[in-house]
Amino acid sequence: MSTTHSPSLTGKLPVAALGLLALALGTLQTVVDPALPLLQRELDVGPGDGALVSNAVLVTGAAVAPIAGKLGDCHGGKRVLLRLMVLVAAGGLLAGVAPNLPVLLLGQILQGFMVGALPLSFVLVRKHLPGDASRLGIGVVMALFTSGAMVGTLTAGPIADALSWHWMFALPTIVIIAMSLAVAWLMPDDPPARSRPRIDWPGALLLSGALLVFMVGLVRLTGDGLSAPAAGALLVLVVGLVTAWVTVERRTAEPMVDLRVLARPAVWHACVLTFVITAGFGIVAFLLPQMFALPAEGHGFGFDTTDIGLLLLPGAVAGAVSDSIGGVAGRRFGLRAVITAGAVGTVVTLLTLMAAHGAPWQLVVAKASVAVAAGMATTALLISAAGAVAEEDTGVITSLLVVTRVIGIALGAQTGGAILEAGAEAATGLPSETAFVTALGVAAAVAAVSLVLTRLTMRGARA
């Protein structure tokens, strides 16, 4: 039974509840980043498995993002959002009591359903608020989600020090449960579509399976290693799942992803460049907390989780700001110019960091610089691709680019973890300085590849 609300209530309290929910989700998503070295020590795992802890959320998110919005259209945004929050809360509570790595990973996988919360929140804001108020409401929700990322980065260390690392997950989850109940009570029901489109479940399952097998194979290949036959079998399985997905999408009347739209140059160029740019960023984002946490007696700094959170904060702020101005910069200076400037700046920054990384401020500046370049470029690419398709395809294309961004970051983090594990010192088991320099060089090379791809795919674009 739905309840009625006055316009003022609909315009304020429900949006406030959505915003606070987004704040808690952003916090839960990012508590792992500064605490990753701590979790590796507590769970007795190496950098490869540590990267998997942060990537588990991204894998689930990649599978959820393409279908969350469509489910909301079919069954109502509020209804789908609250069901997703049940899964997220279960994951957060599971991580909060996890005794070992497998249980923590399961909790992280369930938390990945939070990726569908933002588009569903935007749907609800648009349905219940008029034009200008709707745009303001969407901005408030997005800003609070970004602020949540900063809260998570800052509070992970103090919570872990004062209580334990389990409470880093438990406390934001308690807020998520409370705000979900507030949304359930305050937000008016939005009716499902009268003519419900058919959900492409075969396509969704095939894509999810391909992503899952790819990530599991990547973790095994970059961690303990795989034999050549096993690696080949996983590659064949991924290719088979992708081929089956393409076949299903071509034959389905209402596919999850319209492959004809995907084949447009502006769209697939954006996907390729987004993947490469975020892969390079993922390497850097994984490396820096590891460098901060290494013992000061060697080539690290010996910082604890709280210190790492403070040092990562400028990069988080820079990334949030660049996300918000990427589209404006793309329109003002041209997409090619934005990506080129970011790629050149990233290469110069990382080459400099390879030679000079003896002071914390050098790492802080490097993270902020790389975050600005990646944020502006990927946002500009997303807006450019959305503008190249019909309005009814906007949701599909933006979801696809979200997936591409997620997989790129996950691949980068896992690659960074593999390089550190391969370069561990025999005496201590800790990554050597050479391993860090090598990983930074790989990230610089990836940025250079994005520069080459930009020139090849955007020759006619305004520079």
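**Cavities, a helix pair and a pocket**

Author: The model is predicted. One place to begin is the second largest cavity, which holds about 50 Å³ of space.

Reader: Which elements give two or more residues to the lining of the second largest cavity?

Author: The second largest cavity is lined by Thr274, Thr378, Leu381, Leu382, Leu401, Val402 and Arg405. By class, that lining has 4 nonpolar, 2 polar and 1 charged. The elements that give two or more residues to it are helix 15 and helix 16.

Reader: How many cavities of 30 Å³ or more does the structure hold, and what is the volume of the largest cavity?

Author: The count of cavities of 30 Å³ or more is 3. For the largest cavity, the volume is about 150 Å³.

Reader: Which residues lie nearest the centre of the largest cavity?

Author: Helix 12, helix 14 (335-355), helix 15 (360-387) and helix 17 each give two or more residues to the lining of the largest cavity. The lining divides into 12 nonpolar, 4 polar and no charged residues. It has 16 residues, and nearest the centre lie Ile277, Ala343, Thr346, Ala447 and Ser450.

Reader: Helix 12 and helix 17 pack at what angle, and are they roughly parallel or antiparallel?

Author: The axes of helix 12 and helix 17 (residues 433-457) are 9 Å apart, and the angle is about 165°. Angles over 145 degrees count as roughly antiparallel. Therefore helix 12 is, relative to helix 17, roughly antiparallel.

Reader: How does the contact of helix 12 with helix 17 divide into nonpolar, polar and charged residues?

Author: Helix 12 brings residues including Ile277, Gly280 and Gln290, and helix 17 brings residues including Phe436, Ser450 and Thr457. The crossing of the two helices is left-handed. By class, the contact has 16 nonpolar, 6 polar and no charged residues.

Reader: What is the volume of the second largest pocket, and which residues are closest to its centre?

Author: The volume of the second largest pocket is about 550 Å³. Its lining has 16 residues, and the closest to the centre are Leu207, Leu211, Val403, Thr404 and Ile407.

Reader: Which helices each supply at least two residues of the lining of the second largest pocket?

Author: The lining of the second largest pocket has 15 nonpolar, 1 polar and no charged residues. The helices that each supply at least two of its residues are helix 9 (201-222), helix 10 (228-251), helix 12 (265-293) and helix 16 (394-422).

Key: Residues numbered from 1 in each chain as written. Predicted model: local features only at pLDDT ≥ 70, side-chain atom pairs only at ≥ 80, totals over all residues. Heavy atoms only, no water. 1 Å grid on protein atoms, 1.4 Å probe; cavity = no way out; pocket = protein on both sides within 12 Å on 5 of 7 lines; lining within 4 Å. Points joined across faces, edges and corners; volume = space filled by probe spheres on them. Helix = DSSP H or I, 4+ residues; strand = E, 2+ residues; numbered from the N terminus. Nonpolar A, V, L, I, M, F, W, Y, C, P; charged D, E, K, R; others polar. Axes fitted to C-alpha atoms, helices over the stretch in contact; angles between N-to-C directions. Parallel < 35°, antiparallel > 145°, perpendicular 65-115°, else oblique. Left-handed = near helix turned anticlockwise from the far one by under 90°. Contact = heavy atoms within 4.5 Å.
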